[in-house]
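Please open the model in a viewer and follow the stops below in order. Each stop states what to select and what is to be found there.

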Amino acid sequence: MTSAALSAVLKAVVARDYPGIPTEGRDKVAILQDVMDAHGWRPVLELGRALRALSSHPVLRALCAARTPLQTVERWSTLERFMHSRHRTRLVEHDLARARMTLRHVAIDGGRIRVVNDLFVWGVLIAILETAGFTGLKLSLASASGAAVVIHGGASRLAPRKLPAVTDVATFSWKPARRAPAPVSEASTKGATGQVRDRLQRLMDGDLLHPWTLVESAQRLALSRRTLQRALQEEGTTFSETLQRSRVDAAQGLLGDSSLTLTDVAFCTGFSDQAHFTRTFRRYNDVPPSALRELMRSAGALRLSDGPARRGGGPATR
């Protein structure tokens, strides 16, 4: 989900809801500024929440697979790094007992970020957390007196028309209860084969961004650490090899989606960066992911060109 994908959603929503504001050939900040100048700050926050329209996008699904709001935001920060964003989201404070965290929106070059950019990113994070299933979300900014001004959720309708002077620091809170994913049991992971490697790979495929460890994986598979390790060895593999294989297999599946960039694919499949993705993919496939994608596109184009001829009657001649 590159900046281009976010911009496309933004422009579509602005064209629909604010037809008087031009979007063609304009960048995100200019469009957002026009919206705020004409309609106030609330619509800018809501435009960030429009990201929910991409709920089926693999990148958003990868973000939303995290188990806690903190982990979700950490994944968002990783995505910002993947996209080489000039602006980054930093954790200031996390209070697990009170189910809240404070974030700061910063420019990596030390420059100043415009208010519309802050609001849009806060809206995007609300959308991600809502899509992930966290409820009771509230977003507040600190006023000059230090009092919290709620701008989303709770008493947000009572928020003043004018925003506090500082918008680059925001506090998110949520209801602490969230339904945890069901543990993977011995019975539920056998499937068509009893091979431990296949069961482990199915577990990992559920969330490739999760920092899988041997100990946790064994617990989720209702095995002891030693039993899992020994079973994998007997099947000719290791824990780390199974994880890398899972990531590469998933990446191969995503390469056929032309709407995804290679950066999207690398992020969704849990690689630490683009170089790690390319290096590991080449080790398993003898070609870099870009080359395999090009081959897949060429094969698809060939099938399309053959289609009408075959439908025209009789087998194709060679």
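At what angle do the axes of helix H10 and helix H12 cross? Select residues 239–255 for H10 and residues 274–285 for H12: the two axes cross at roughly 95° and come within 10 Å. Angles of 65 to 115 degrees count as roughly perpendicular, so H10 is roughly perpendicular to H12. This and every other stop concerns a predicted model.

**The contact of H10 with H12**

Display the side chains next. On H10, the contact is made by Glu241, Gln244, Arg245, Val248, Ala251, Gln252 and Leu255.

Proceed to Asp286, in the loop between H12 and helix H13 (289–311). Asp286 is not a glycine, yet its phi is positive, near 70°. Is Asp286 buried or exposed? Its relative accessibility is 66%, and residues over 50% count as exposed, so Asp286 is placed in the exposed class.

**The whole chain**

The protein has 13 helices and five strands. Of its 318 residues, 45% are buried. When contacts between residues at least 6 apart in sequence are considered, 61% join residues at least 24 apart.

**Helices H5 and H6**

Select residues 69–82 for H5 and residues 115–131 for H6. These helices pack with their axes 11 Å apart, at an angle of about 130°. An angle of this value makes H5 oblique to H6. The crossing of the two helices is right-handed. Which residues make the contact? From H5 they are Pro69, Thr72 and Trp76, and from H6 they are Val121, Val124, Leu125, Ile128 and Leu129. In this contact, seven residues are nonpolar, one is polar and none is charged.

Move on to His84, which lies in the loop between H5 and strand E1 (87–95). Although His84 is not a glycine, its phi is positive, at about 55°. His84 has a relative accessible area of 65%, and is therefore exposed.

**Thr102 in strand E2**

Select residues 100–107 to display strand E2, and then Thr102 within that strand. The relative accessibility of Thr102 is 11%; the limit for a buried residue is under 20%, so Thr102 counts as buried. Which residues are in contact with Thr102, leaving aside its neighbours within four places in sequence? They are Arg90, Leu91, Val92, Glu93, Val169, Ala170 and Thr171. With Thr171, the side chain of Thr102 also forms a polar contact of 2.9 Å.

**Val150 in strand E4**

For the last stop, select residues 148–152, which form strand E4, and centre the view on Val150. Val150 has a relative accessible area of 18% and is therefore buried. How far apart are Val150 and Lys138 in space? Their C-alpha atoms are 6.9 Å apart, while the two residues are twelve residues apart in sequence.

Terms used
Residues numbered from 1 in each chain as written. Predicted model: local features only at pLDDT ≥ 70, side-chain atom pairs only at ≥ 80, totals over all residues. Heavy atoms only, no water. Axes fitted to C-alpha atoms, helices over the stretch in contact; angles between N-to-C directions. Helix = DSSP H or I, 4+ residues; strand = E, 2+ residues; numbered from the N terminus. Parallel < 35°, antiparallel > 145°, perpendicular 65-115°, else oblique. Left-handed = near helix turned anticlockwise from the far one by under 90°. Contact = heavy atoms within 4.5 Å. Nonpolar A, V, L, I, M, F, W, Y, C, P; charged D, E, K, R; others polar. Buried < 20%, exposed > 50% of the residue type's maximum accessible area, 1.4 Å probe, protein only. Polar contact = N/O pair within 3.5 Å; in protein donor to acceptor, adjacent residues only side chain to side chain.
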